[in-house]
Amino acid sequence: MAHRTPPGSSASHASCLDLWREKNDQLVQQAKVAQDSGLSPRRQQLAQDALEGLRGLLHSLQGLPAAVSVLPLELTVICNFITLRASLAQGFTEDLAQDIQQGLERVLETQEQLKARLEHGLRGRWDSVLHVSSLLPELLPALHHLAGLQAALWLSTDRLGDLTLLLQTLNVSQSGASEDLLLLLKTWRPPAEESDAPLTLQDAQDLRGVLLTAFAYRQGLQELITGNLPRALSSLHEAASGLCPRPVLVQVYTALGTCLRKMGSPQRALLYLVAALKGESTWGPPLLEASRLYRQLENTAAEIECLELLVEALSVAHIPEAPQLLIEVELLLPRPDPASPLHCGTQSQAKYLLASRCLQTGRAENAAEHYLDLLALLLDGSEPKFSPPPCPPGPCVPEVFLEAAAALIQAGRAQDALTVCEELLSRMSSLLPKRPRLWEDARRGTKELPHCSPWVSATYLLQGQAWVQLGAQKEAISEFSRCLELLFQATPKDKEQGPVSSCEQGCTSDVALQQLRAAALISRGLEWVASGQDTKALQDFLLSVQVCPGNQDASFHLLQTLRRLDRRDEATALWRRLEAQTELPQENAAWSLPLYLETCLGWIHPPDRETLLEEFRTSLLETRDL
């Protein structure tokens, strides 16, 4: 009969340890084979099989009493399991924290320190375990490896206080009580693994590099957002010199470009943006930042070109590369924040930015085409009725319609502008109640009304301008009158309405409503002038001055009308006020007007104001000489 080694003997224990170690090494090799298999189904299956194998091995190891001789392998298996599972899930989950905790408790079991598990939190357990490791140096490499995973988990969940204390404990001999996380990561020196140690998917040294790069980038981005530019620059340079995968390096270079632009170094900023655009990667953020840079440099052609490329880049479906089966920098970065300078938005948001910049810079025909493309994007598959979406980071949908109509009028396409306005009215009509109850309902808290009515009013104003361009005077006056009828029922800034969004706030502000009324009154007054009805025009110009005292256009049109009607005393008094104020103060300058309204106001500017004032001065002197 063959001799059998008793199960409890040291020879049996050593034999099992060898088998467990061999199994760990085999599963690590299998995961590395999966890593080289791209995005194929075979990769996923191999990786999942390796993960289940590590789970089973861990259960076997933890099914026995904890032993110092087995702990290095057991902790290594825990680290391999956590690394593979987090990489497959592309993030850390709560049960991975429990796996780390279980590893710490197994170390404490060997020293009969189970009481520490009950009396201390996770941070306390780390203190106890690292104290034990000073007595058991053979555990140090595996414990530092596990500490690296704990640091990754705490960094990804923003538990920076716990992370700082952990690194202080790990670095007690190097950096003392420093609270600078970046310094603590730099000075952390995980001990090297023995040449005959069990295989690992990712060792502690590699984890340290990932942590250092991820934290430097996170800190640099945060400092950039809060405006601490010198510190942001330093941290971002640190991140760029670390273990940066290509997609992260693009983000780092883009953030460096943003930082340098804000610091007044546009040429250096441009070098980083060019570097970000080299190679195959996500081009959106650097293109958006390049457009901001060129706008700051007043290079409008280059700015528009960058925005066109941005729209094109966002229209191409991004094919993701197969993620590494390791803890990577991307796993430790915060989720994209719309407030971040690196957020480039969606294709429709980029298209809006392009269209609006074309309108603002006088490229009316291009603006019109881009707005029509944008409307097609926004309305593709949309409901027949809609309500405005949240505004940031773009405008409300009705404002896109209004800007599109303004761009079409600016481009001389009045008939297309009427079509856009009719479409908007058909969609808004269901949100607008009967006029007799209009603002009474608003005061009772009907949510849609405070912003619907100004949009409808603005639509009538734009329709009127389209009819002006088509030479249909009667229809134009009718539309301007409808606009005014609705506007003069409005009660701006009704305090009972409660908080409103930034988009609603912009279109219902006192300034916006005043300017909208003034634009409609002046537009209708100009049509009365064109039809030879100066008396009616005078009434509109007088009222426009009253409703919007800071509007210079209203005063100049009023002056011209008073001259034509030979009301010299009134004209002279008005002229003196205008002469005394070469530039009227801009009331409520903090408010920015909606772009469609700014465009409308541009159409009613009187030509050459200085010439008009000089002519009036000359005629006044001639009258005195007589």
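At what angle do helix α2 (residues 41-62) and helix α3 (residues 71-89) pack? The views below start there. This is a predicted model, in which local features need pLDDT of at least 70, side-chain atom pairs count only at pLDDT 80 or more, and totals for chains, interfaces and linings use all residues. Residues are numbered from 1 along each chain as its sequence is written, and side-chain values use heavy atoms, leaving out hydrogens and water.

**View 1. Helices α2 and α3 pack together.** The angle is about 150°, and the axes lie 9 Å apart (axes are lines fitted to C-alpha atoms over the stretch in contact, with angles from 0 to 180 degrees between N-to-C directions). Helices here are DSSP runs (H or I, at least four residues), numbered from the N terminus. The contact of α2 with α3 divides into 13 nonpolar, four polar and three charged residues (Ala, Val, Leu, Ile, Met, Phe, Trp, Tyr, Cys and Pro are nonpolar; Asp, Glu, Lys and Arg are charged; the others, Gly among them, are polar).

**View 2. Helix α25 (residues 534-547) meets helix α26 (residues 552-564).** Their axes come within 9 Å and cross at roughly 150°, which makes α25 roughly antiparallel to α26 (an angle over 145 degrees). The contact includes Phe-541 of α25 and His-557 of α26.

**View 3. Cys-259 is a buried cysteine.** Its relative accessible area is 0% (buried means under 20%, with a 1.4 Å probe and protein chains only). Cys-358 is also buried, at 0%.

Technical notes: Helix = DSSP H or I, 4+ residues; strand = E, 2+ residues; numbered from the N terminus. Parallel < 35°, antiparallel > 145°, perpendicular 65-115°, else oblique. Contact = heavy atoms within 4.5 Å. Buried < 20%, exposed > 50% of the residue type's maximum accessible area, 1.4 Å probe, protein only.
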